[in-house]
Amino acid sequence: MPVRAKTGVGGPPTGRPGEVRLPATAATLVAIALYVTLPNQMLGVARFFVAGLLVVLLIPLVAANPRRMTRQDHRVRRLSLGFAVLVLLANTAAFVTLVHALVSGQAHKGSTLLLAALQVWLANIIGFGLLYWELDRGGPVVRSIKDRKELPAADWRFSQDEDDDASDEVARGASKRADWRPRFVDYLYMSTTNSTAFSPTDTMPLSPRAKMLMGSQSIEALLVSVLVIARGVSLLH
């Protein structure tokens, strides 16, 4: 059965309004742009095909929830999860190509090397952020419109989830008191800190899949950083 927000007759939703779609869509388009503008020696024309496929798959996802995340059935859910995985797989292919270029010494121009590494790193943050957003507590639709007692088990524990006993001005935004739910920007921030600190910071993984994903992201980000620094030093000499 499709998951929908409760609506009044001819009016806006009477329950939770659902998460705004625009931030996730904008971040996705940025990731696709980063991928398609990689240097020609990385993936060749294949990157244009993959980018085109991602744009085609993004259209029905946006059409299903153009403004707010309020509608979902099993087909939309599978497509959204598959889309997030495809974004990550495409960037992983770029990451493997980058590592090969760094190790084999194929990249001779320092500026090209640094720019490609930055593109892969940024797209990696967005890709993992999208996947975290799609996985946690049943996904953005369920997480936004369902009652708290009906939500699936959480994959991540945010700081707001444990702020109920803090000072009043902090506790006002806590999960239980304000019915706070994580949104895309929270997962994008978590992905960013995981890629810069190479470990969780203020958001802790709870489930095995969350730990495996964050561990994989940390390793990939660390490898990019170490190899770029090493190759950059060699280019300076």
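Leu118, a residue of helix H4 (residues 110–135), counts as partly exposed because its relative accessibility is 42%, where buried means under 20% relative accessible area, exposed means over 50% and partly exposed lies in between (1.4 Å probe, protein chains only). The model is a predicted one, in which local features need pLDDT of at least 70 and side-chain atom pairs count only at pLDDT 80 or more, while totals for chains, interfaces and linings use all residues. Residues are numbered from 1 along each chain as its sequence is written, and side-chain values use heavy atoms, with hydrogens and water left out.

Together with Leu115 and Leu122, Leu118 makes a nonpolar surface patch of about 240 Å². Patches are made of residues with over 30% relative accessible area and no salt bridge, like charges being joined within 9 Å and nonpolar side chains (Val, Leu, Ile, Met, Phe, Trp, Tyr) within 5 Å; a salt bridge is a side-chain nitrogen of Lys or Arg within 4 Å of a carboxyl oxygen of Asp or Glu. Helix H4 also holds Glu134, which counts as buried because its relative accessibility is 6%. Leaving aside neighbours within four places in sequence, Glu134 is in contact (heavy atoms within 4.5 Å) with Arg77, Ser80, Leu81, Ala84, Gly139 and Pro140.

The protein as a whole has nine helices and six strands, these being DSSP runs numbered from the N terminus, with helices (H or I) of at least four residues and strands (E) of at least two. Of its 237 residues, 43% are buried, and among contacts with a separation of 6 or more, 71% are accounted for by residues 24 or more positions apart. The protein exposes about 12200 Å², of which carbon and sulfur atoms supply 66%; accessible areas come from the Shrake-Rupley method with a 1.4 Å probe, and for residues only the protein chains shown count as cover.

Helix H1 has 15 residues and reaches 21 Å from its first C-alpha to its last, close to the expected 21 Å, the expected span being 1.5 Å times one less than the number of residues. Its buried residues are Ala24, Thr25, Ala27, Thr28, Ala31, Ile32, Leu34 and Tyr35. Helix H2 (residues 46–64), with 19 residues, reaches 28 Å between its first and last C-alpha, close to the 27 Å expected. In helix H2 the buried residues are Arg47, Val50, Ala51, Leu54, Leu58, Leu61 and Ala64, and what covers them includes helix H1 (22–36), strand E4 (71–72) and helix H3 (74–104).

Ser207, placed in the loop between strand E6 (204–205) and helix H9 (208–236), counts as buried because its relative accessibility is 13%. The side chains of Ser207 and Asp155 are joined by a polar contact of 2.5 Å, that is, a pair of N or O atoms within 3.5 Å of which, within protein, one must be able to donate a hydrogen and the other to accept it, with residues adjacent in sequence counting only if both atoms are side-chain atoms.

Most residues other than glycine have a negative phi. Asp179, found in the loop between helix H7 (175–178) and helix H8 (184–197), has a positive phi near 55° and is partly exposed, with a relative accessible area of 28%. Phe198, which lies in the loop between H8 and E6, likewise has a positive phi, near 60°, and is partly exposed with a relative accessible area of 32%.
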